[in-house]
Amino acid sequence: MRIREIHLTPVAFRDPPLLNASGVHEPWALRTIVEVITDDGLSGLGETYGDRSHLERLRAAAPALIGVEVHAHHAQYAAVAATVGGDVFVDQHGLTGAGSNQKTVDAVFSPFEVACLDIRGKAAGLRVADLLGGPVREAVPYSAYLFYKWAGHPGEDEDRFGAALDPEGIAAQARLFVEEYGFGSIKLKGGVLPPDEEIEAVHALREAFPDLPLRIDPNAAWTPETSIRVGRALDGVLEYLEDPAPEIEGMAKVAPEVPMKLATNMCVVTHAHLPPALAQGAIGVLLTDHHYWGGLLRSTQVAALCDTFGLELSMHSNTHLGISLAAMTHLAAAVPNLNHACDTHTPWQQGQDVVVPGALRFVEGAVPLPEAPGLGVALDRDALGALHENYLRCGVERRDDTAYMRRFDPTFQPKRAHW
């Protein structure tokens, strides 16, 4: 089977005003839907970021893949790498760590690889998880992903989630998510309010949910000294503490001084970061993300490295749609050493999607593997068309939490090691 056509469709969908250390989510979130079609008519799906610069790299890479065999993983990777050259994508809002050429190639390659695995599964009558070594779990646990947030975007009506700007609001948000989805663990996006207020919020969650694992992620908004103070204040409360301080060096200062493991999706985001992080004892948990670790196969290799060196494993999430949720679920199902529930933004999307409903669902906080071959999801072309129209009309071409926040607070600065 050889690749005959590739279609790239940028989409936009509504996003709540979720707060983080970089600012606040804009009213529109962007993604790109990738459809790969073979010479015998089979098609596969991938999903990735929707920022204009990333879309341009995808458009440059797609022609280089025409004629390449669907099974030729290494040839596909080399073709994409040649189009990227020495280019480096820089994450302007800094939520997924530093940019590098390796990370840029991996991020461009990932959705094409997922689409090809989808095709290979369909051709063989196998699920993608089967192609990754076989599932070790038939349902993948996810965590309730909480955010401080405004009641609604400025000038718009309050959304169904309401405001969450204090411990009571965070606890109420958690109850909503646990009741609706059955989540068995909870994560709070921190780095928004002064650390003592976020400590109070975590304690409020512990009081409301005494038996659920808890974690907080301030996106490196704290100094090492503040990180140590917060870690000690939450002794016995946190499952792990995610990215409290900037860079490998900052995390290495914190790790031996706090009682819980440190996790990251920011200071270790490509293979080159693993040796120094391990040498310095900076982390105990790696949050992988196939969108920038080079796809599903390369992510299983990273998982094997984590197992070799004694790192625990979870999965990072950015705002995403159903194709990504399906890919994340197949990957997590096939990774034996997944130690913690994965992150997901799915509840915040309120049913907006490009896949036909029914294949993906939450059961007691976990997503069962879809039963159909490949990823097990089908493209809803009417929904795809509607979300593409949103993209053409919304005027947003790249995510910029900082710029949107500055529209309402001109003095705002991102909180990198702010406290």
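Predicted model: local features only at pLDDT ≥ 70, side-chain atom pairs only at ≥ 80, totals over all residues.
**View A. Helix 2 packs against helix 3.** Helix 2 covers residues 73-84 and helix 3 covers residues 101-124; their axes lie 9 Å apart at an angle of about 135°. The two helices are therefore oblique to each other, and their crossing is right-handed. On the helix 2 side, look for His73, Gln76, Tyr77, Val80, Ala81 and Val84. Their partners in helix 3 include Val105, Val108, Phe109, Phe112 and Cys116. The contact is made up of nine nonpolar, five polar and two charged residues.

**View B. Helix 3 meets helix 10.** Here the axes of helix 3 and helix 10 (residues 296-309) come within 7 Å and cross at roughly 110°, which makes the pair roughly perpendicular.

**View C. Lys189 and His316 carry an "active site" label in UniProt.** The label comes from an unreviewed entry. These positions are spread over 128 residues of sequence, yet they cluster in space, with a largest C-alpha distance of 12.1 Å. Histidine 316 sits in the loop between strand 13 (312-315) and helix 11 (322-333). With a relative accessible area of 6%, histidine 316 is buried.

**View D. A closer look at lysine 189, a residue of strand 8.** Strand 8 spans residues 186-189. Lysine 189 is buried, at 7% relative accessible area. Leaving aside neighbours within four places in sequence, lysine 189 touches Leu19, Asn20, Tyr145, Leu146, Phe147, Tyr148, Asp217 and Asn219.

Note on methods: Residues numbered from 1 in each chain as written. Heavy atoms only, no water. Axes fitted to C-alpha atoms, helices over the stretch in contact; angles between N-to-C directions. Helix = DSSP H or I, 4+ residues; strand = E, 2+ residues; numbered from the N terminus. Parallel < 35°, antiparallel > 145°, perpendicular 65-115°, else oblique. Left-handed = near helix turned anticlockwise from the far one by under 90°. Contact = heavy atoms within 4.5 Å. Nonpolar A, V, L, I, M, F, W, Y, C, P; charged D, E, K, R; others polar. UniProt positions renumbered as here; feature names shortened; annotations may be inferred. Buried < 20%, exposed > 50% of the residue type's maximum accessible area, 1.4 Å probe, protein only.
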